[in-house]
2 protein chains.
Amino acid sequence: MDVKPFNLSSIMSIHPVTQAAMRSFDKASDPRLTEVMSLLVKHLHAFVTESQLTKEEWMQGLEFLTQSAAITDADRNEFSLLSDVLGISSIVDVVSQPVGGTSSSVLGPFHSQDSRWMDNGANLAGDQDGVRAWLHGRVLDVQGQPIAHAELDFWQNADNGLYPAQDPGQDPYNLRCKIKCEADGSFNLLTIRPNPYTVPTDGPVGALLVTSQRSVWRPAHYHVIVSAPGYVGLVTELFPQDSEYIDNDTVFGVREGLIVPFTPCQNTDVAERYGLTQPFLEVNFDFHLVKAP
Amino acid sequence: MDVKPFNLSSIMSIHPVTQAAMRSFDKASDPRLTEVMSLLVKHLHAFVTESQLTKEEWMQGLEFLTQSAAITDADRNEFSLLSDVLGISSIVDVVSQPVGGTSSSVLGPFHSQDSRWMDNGANLAGDQDGVRAWLHGRVLDVQGQPIAHAELDFWQNADNGLYPAQDPGQDPYNLRCKIKCEADGSFNLLTIRPNPYTVPTDGPVGALLVTSQRSVWRPAHYHVIVSAPGYVGLVTELFPQDSEYIDNDTVFGVREGLIVPFTPCQNTDVAERYGLTQPFLEVNFDFHLVKAP
């Protein structure tokens, strides 16, 4: 029986224009640049060809990028947001994830390099609004052995759903810190329950989401970067099991292993240590890091 | 014999993140928006997956777009240029080309809506530098029958390689015009031989071309829009056969049927009509338009 090869032309043009554009990067002195640009051309041309994109539609696309340029400045990057809501940031995260270990997730726009070092056990909640949550766990390798003195870089939003960068009413250092874990890999801190929030909707990306009748919400999450010498750094998020939008994250950051229960906590030592008089929650999560190659 | 289906995963991720991002546009009220965005997501994710793009590389990509945003304004669009040098503008042109008729080509950034109407036979050359060229031909349908009174919108660069928009020394209307063809489809005008030129190289796209050791040149060309009621409008270019860069157009606009000889002309009537005392060239080209659906 004759078996015809899969008809690639149905999903990818092999038009001479596509071939020429792919080959145009052949002479780059960095072979990785040649590879990446040639694949970018191939798949963008495949998109145009499969969608039979019209000139008017392409002009609309250019106009969208031009509007995105106009709203982009040092504090606001519409291209980063576009990458997020198309799932590009997330799939980049997926393909670069090392095998084994805790799932990574997207970095997002609210990480700051200059968070303050605090002692393990720190109280980030202070006197602000929000249900208290005691976050604790360990940093382990993929065999479950503790990694001594790993570092956590932690950030989240406040009870009003905003990050300090969005909210002049907050201390710029609110609800973020760096912590060095113990020799047995353990860490703990007191914070508040995080909250769902919307991505910025005042630019062309927001307009696209609205036109597409897409949600503009992200589910609640803690954001954590875990690092230790000799291990691959981990950028990840922890999502409360009962958060709204957990099944409909507009930036596609939720991974199964990162959905965690926030359970009522009865630990009187913890209550006493932080002076807690109201019911509070407990989140227990172990991070598993992969050895660096 | 068992035949396994083509392994799509080798060129396209079917990761749940890709599926979710594709499906996220399902609810758009315009089904074409759903289709285009879902295919855009599919092919961008396929690019990330096949290239195994790293986070650092993706950050470089975002930085590239951010730099492109910074240099883009009302007079200069780096995204349009990026589209051109990746061959996107050209493949959009290819897929939207109706069957039959003269090949179309890219519009480029130098078309102006406000060119002046001139009589058929106009002299665009005046007293400026440049080898004179007599451009003539007819506008016909795909059966070779004349289309009466079709309109030409013509523009080209000057002998120094610049368009009026780039060159304060030129009259803004230099070397461009609109002409109504005769009842028999014929047109003619006197102009100069066009010249190769470089795309703008002072932005991130120029830097990419240099890093990639790509040419920044376009071959010489006339740009023409041909239109007539009842026919699909044609945006096209005519390239002198002997132009430099004819095989290496950095925006991939050259099509085989658009490469034309510029031949020495002995026509004394023409020489007399325009008062030509130096050798001049002749370009004879018939445009074929496709009936509108």
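In chain B, six strands make up an open sheet of mixed pairing, in the order E1-E4-E3-E8-E9-E10, where helices (H or I, at least four residues) and strands (E, at least two) are DSSP runs numbered from the N terminus, and where two strands pair if DSSP finds at least two bridges between them. The edge strands of this sheet are strand E1 (117-118) and strand E10 (259-260) of chain B, each of which pairs on one side only. Strand E3 (residues 151-155) of chain B runs antiparallel to strand E4 (residues 176-180) of chain B, and five bridges join them; B:Leu152, for instance, has B:Ile179 in E4(B) as its bridge partner.

The model is predicted, so that local features need pLDDT of at least 70 and side-chain atom pairs count only at pLDDT 80 or more, whereas totals for chains, interfaces and linings use all residues. Residues are numbered from 1 along each chain as its sequence is written, while chains are lettered from A and ligands numbered from 1 in the order in which they are written.

**Chain A**

The secondary structure of chain A comes to seven helices and 13 strands, and its C-alpha trace spans about 70 × 45 × 45 Å along the principal axes. Of its 293 residues, 41% count as buried, a residue being buried if 20 or more other C-beta atoms lie within 10 Å of its own, exposed if 12 or fewer, and partly exposed in between, with C-beta atoms placed from the backbone. Among contacts in chain A between residues at least 6 apart in sequence, 71% join residues at least 24 apart; two residues are in contact if their C-beta atoms, placed from the backbone, lie within 7 Å.

Chain A also has an open sheet of six strands with mixed pairing, in the order E1-E4-E3-E8-E9-E10. Strand E1 (117-118) and strand E10 (259-260) of chain A stand at its edges with a single partner strand each, so one side of each is left without a neighbour in the sheet. Strand E9 (residues 234-240) of chain A pairs with E10(A) in the parallel sense over two bridges, and the bridge partner of A:Pro240 in E10(A) is A:Val260.

Helix H4 (residues 78-85) of chain A is mostly covered, with eight of its eight residues buried. What covers these buried residues includes helix H3 (55-71), helix H5 (88-95) and helix H6 (204-211) of chain A, together with H3 of chain B. H4(A) is followed by A:Gly87, whose phi is positive, near 75°.

How are the two copies related? A rotation of 180° with 0.0 Å of shift along its axis superposes chain B on chain A with an RMSD of 0.1 Å, and the two copies are thus related as by a two-fold rotation axis. Copies are superposed by least squares on the C-alpha atoms of residues with pLDDT of at least 70 in both. In chain B, the C-alpha nearest the axis belongs to B:Ala69, 2.1 Å from it. The same surface serves both copies, since 100% of the contact residues of chain B recur in chain A.

The contact takes 59 residues from chain B and 59 residues from chain A. On the side of chain B that touches chain A, the largest share, 16 residues, comes from H2(B). By class, that side of chain B has 30 nonpolar, 23 polar and six charged residues; Ala, Val, Leu, Ile, Met, Phe, Trp, Tyr, Cys and Pro count as nonpolar, Asp, Glu, Lys and Arg as charged, and the others, Gly among them, as polar.

B:Leu44 has its place in helix H2 of chain B, and B:Val106 is found in the loop between H5 and E1 of chain B. Not counting residues up to four places away in sequence, B:Leu44 touches A:His43, A:Leu86 and A:Ile88, whereas B:Val106 touches B:Asp84, B:Ser89, B:Ser90, B:Asp93, B:Val251 and B:Gly253.

| Residue | C-beta atoms of other residues within 10 Å | Class |
|---|---|---|
| B:Leu44 | 21 C-beta atoms within 10 Å | buried |

The C-alpha atoms of B:Leu44 and B:Asp242, 198 residues apart along the chain, are separated by 39 Å.
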